[in-house]
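The following paragraphs lead the reader through one protein model, beginning at a ligand and ending with the overall architecture. Please keep the sequence and the structure in view while reading.

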Amino acid sequence: MNYRCKVCEKPIDVHDHVRGGLCRSAECRRRYAGRVAHEEYQEHRAALRRTAEEIRDRRIPPTPEPLPAAALPSNDRPVVPLPEERREAFAAYLRSLVLQVYAEPGDQHHPLRPALESEPLARAACALCRGHCCLKGGIHNAYLDATTIERVRAERPATDPEELVETYLAAIPPESFEEACVYQSATGCVLPEDLRATICGAFFCDGLAEFRVAAREAGATRGFGVAFRDGVPVREAILTPDGPHPPDE
Ligand code: SF4
Ligand code: SF4
Ligand SMILES: [Zn+2]
């Protein structure tokens, strides 16, 4: 019997076959582990979508109009006053970034990409989730980087660097989600869209990406969102272009 490695398909002996069907190369073992992790993740996503669909079918009588289900993450942190040391650390990062970008003449290194307009249904999904992806904006300084500041500089040619820093600092709300992005208030992001990091308008988590595809394919104008924490459903809503609505309203 000829046995072959499941990854590179080179011949392997019977011992390697019974030990898992891989040759002895570290690369094949690494790639196989990645493949298994990917498959497990896809199964996990499919299970969350099924749960979201089951909740939808229990809560909503069948309608002729499609209502694709979205399995979304959830931000459940408390809203707290922004500690002064966090404000200062953010201000120091921002000032140094802005000065560094303005120190160079009209830079050619960074592509000028406009911030994307977000879609109403996607916004409703993000409102139900409450901005799980913005939590890491805390340690990543609102994801602001040289590319973003280059773009803002090009769009606001009359603004000088100090004014720009002040504009950003003035937009910080007094309270935000604990340890999250300084702009993530209880009502969502309060930073004007044209000042947000380019990635803020372009990022879709897996749950939102799946929902956008499902909504587009079904031609849906509404959806049903379920927010999950550690795989457990914690909130649900009908997603409409005006925002999320409780299913029993
Ligand atoms: S992109 Fe995903 S994680 Fe981010 S706010 Fe929207 S639903 Fe939540
Ligand atoms: S700037 Fe707004 S969209 Fe971007 S991470 Fe912060 S809260 Fe989220
Ligand atoms: Zn191999």
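Around ligand 2 there are 13 residues, of which Cys-134, Gly-137, Cys-181, Cys-189 and Cys-200 come nearest; a residue counts as near a molecule or strand if its C-beta atom, placed from the backbone, lies within 6 Å of it. This shell comprises 9 nonpolar residues, 3 polar and 1 charged. In this division Ala, Val, Leu, Ile, Met, Phe, Trp, Tyr, Cys and Pro are nonpolar, Asp, Glu, Lys and Arg are charged, and the others, Gly among them, are polar.

The model is predicted; local features need pLDDT of at least 70, side-chain atom pairs count only at pLDDT 80 or more, and totals for chains, interfaces and linings use all residues. Residues are numbered from 1 along each chain as its sequence is written, while chains are lettered from A and ligands numbered from 1 in the order in which they are written.

Helices (H or I, at least four residues) and strands (E, at least two) are DSSP runs, numbered from the N terminus.

Mean pLDDT, the predictor's confidence in each residue from 0 to 100, is 92 for the protein, and 94% of its residues reach 70 or more. Confidence is highest in strand β3 (residues 69–72), at a mean of 98, and lowest in helix α7 (residues 198–202), at 87.
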